[in-house]
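Dear colleague,

I am passing on the structure below, and after it I set out what was found there. Please read the notes with the structure open beside you.

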Amino acid sequence: MSITIALSKGRIFEETLPLLAAAGIEPLESPDSSRKLIIDTNHAEIRLIIVRATDVPTYVQYGAADIGVAGHDVLLEHGGAGLYQPVDLRIAQCRLMVATRVGFDYEAAVRQGARLRVATKYTESARQHFAKKGVHVDLIKLYGSMELAPLVGLADAIVDLVSTGSTLKANQLVAVEHVLDVSSRLVVNQAALKLKRKQLQPLLDQIASAISC
Ligand code: PRT
Ligand code: MG
């Protein structure tokens with residue numbers, strides 16, 4: 001039986017490589033230099049598929065991939081149906097934050113019970129966060145470049161991922177509230193784990209032991 005692993009290009013692919021190497025898996029090509037979406041590995045029965053970061057849970061949920069690596073942010077938006085999430089890989093770490101223009105008094109707006117317009121790609125996480133705080137918000141769904149929204153009057157605030165903070169700074173924005181810490185997790189198709197346990201379990205164990213050391 002073959003195993004298909006879903007990964008996204010960029011930081012997740014780069015940071016997953018050493019973990020796969022610890023399990024003896026080496027891709028035969030890099031998604032940066034190749035346009036191929038299916039990449040063979042040094043194991044004839046293991047292949048990688050390259051998909052958008054937000055699509056990883058979907059490929060694994062429907063069994064088109066047996067396992068994958070996805071950000072906690074992406075998994076919260078997806079909902080996690082059909083997925084087993086055995087390991088936090090502690091890679092691609094960042095924080096989901098509320099940010100506003102420098103000079104916007106977020107605390108005062110919240111205190112006064114103002115209804116805030118918040119632009120984000122992470123509507124589910126944002127909805128839960130503001131509901132828990134009892135803050136009234138109108139969420140505006142965006143698919144990218146969230147940082148622009150407060151600058152052109154689309155929103156009072158954004159909810160976005162922050163890593164170094166340089167993107168916020170370059171756009172005169174400032175983080176005003178922490179929503180959650182984010183890292184990437186291994187996700188496994190629940191049916192595949194039962195059907196292919198003999199092959200999958202050692203792989204999951206090797207990856208898990210590579211994280212803790
Ligand atoms: O980029 P694309 O639209 O193709 O897809 P994607 O953004 O979903 O994929 P990718 O590869 O950029 O992100 C994959 C995963 O990496 C995310 O789901 C997160 O779990 C994780 N991750 C870790 C990040 C960051 N750090 C990060 N800094 N994802 C995005 N960013 C972006 C952020 O949205 C903001 O625009 O980087 C910018 C901020 O970075 P700093 O360093 O300037 O603070
Ligand atoms: Mg990105």
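How many nonpolar, polar and charged residues does the shell around ligand 1 have? By class, this shell has eight nonpolar, eleven polar and four charged residues, where Ala, Val, Leu, Ile, Met, Phe, Trp, Tyr, Cys and Pro count as nonpolar, Asp, Glu, Lys and Arg as charged, and the others, Gly among them, as polar.

Before going further, please note that this is a predicted model, in which local features need pLDDT of at least 70 and side-chain atom pairs count only at pLDDT 80 or more, while totals for chains, interfaces and linings use all residues. Residues are numbered from 1 along each chain as its sequence is written, and chains are lettered from A and ligands numbered from 1 in the order in which they are written.

The overall picture

The secondary structure of the protein comes to eight helices and nine strands; helices (H or I, at least four residues) and strands (E, at least two) are DSSP runs, numbered from the N terminus. Along its principal axes, the C-alpha trace spans about 60 × 35 × 30 Å. Of the 213 residues in the protein, 33% are buried, and here a residue is called buried if 20 or more other C-beta atoms lie within 10 Å of its own, exposed if 12 or fewer, and partly exposed in between, with C-beta atoms placed from the backbone.

The domain assignment, which is automatic or taken from a database, gives domain 1 (3–92 + 183–212) and domain 2 (94–180). The C-alpha centres of domain 1 and domain 2 lie 30 Å apart. Their contact takes four residues from domain 1 and six residues from domain 2, two residues being in contact if their C-beta atoms, placed from the backbone, lie within 7 Å. On the side of domain 1 that touches domain 2, helix H3 gives the most, with three residues, and by class that side has two nonpolar, no polar and two charged residues.

Of the 23 residues around ligand 1, Ala53, Gly71, Cys94, Thr164 and Thr167 come nearest; a residue is near a molecule if its C-beta atom, placed from the backbone, lies within 6 Å of it. Domain 1 and domain 2 both give residues to the shell, so ligand 1 lies between them. At least two residues of the shell come from each of helix H1 (11–22), helix H3 (72–78), strand S5 (83–101), strand S8 (157–162), helix H6 (166–170) and strand S9 (173–189), and S8 gives the most, with three residues.

The buried residues of H1 are Ile12, Phe13, Thr16, Leu19 and Leu20. They cover an arc of only 120° around the axis, taken from the directions from the helix axis to the C-beta atoms, which puts them on the same side of H1. The face turned away from this buried side carries the exposed residues Pro18 and Ala21, and just after H1, Gly24 takes a positive phi of about 80°.

Strand S9 pairs with strand S4 (residues 67–71) in the antiparallel sense over five bridges, and S9 also pairs with S5 in the antiparallel sense, over 13 bridges; two strands pair if DSSP finds at least two bridges between them. Within S9, Leu186 is the bridge partner of Val69, and Asn189 is that of Leu83.

Individual residues to look at

Ala92, which lies in strand S5, has a positive phi of about 50° although it is not a glycine. Ala92 is buried, with 24 other C-beta atoms within 10 Å. Gln172 likewise has a positive phi of about 50° without being a glycine, but its place is in the loop between H6 and S9, and Gln172 is exposed, with 12 other C-beta atoms within 10 Å.

Asn171 also lies in the loop between H6 and S9, and with 18 C-beta neighbours inside 10 Å it counts as partly exposed. Not counting residues up to four places away in sequence, Asn171 touches Glu147 and Leu151. Asn171 and Val102 are 69 residues apart in sequence and 9.3 Å apart in space, C-alpha to C-alpha. Ser166, in helix H6, counts as exposed, with 9 C-beta neighbours inside 10 Å, and the C-alpha atoms of Ser166 and Ala192, 26 residues apart along the chain, are separated by 41 Å.

With best regards
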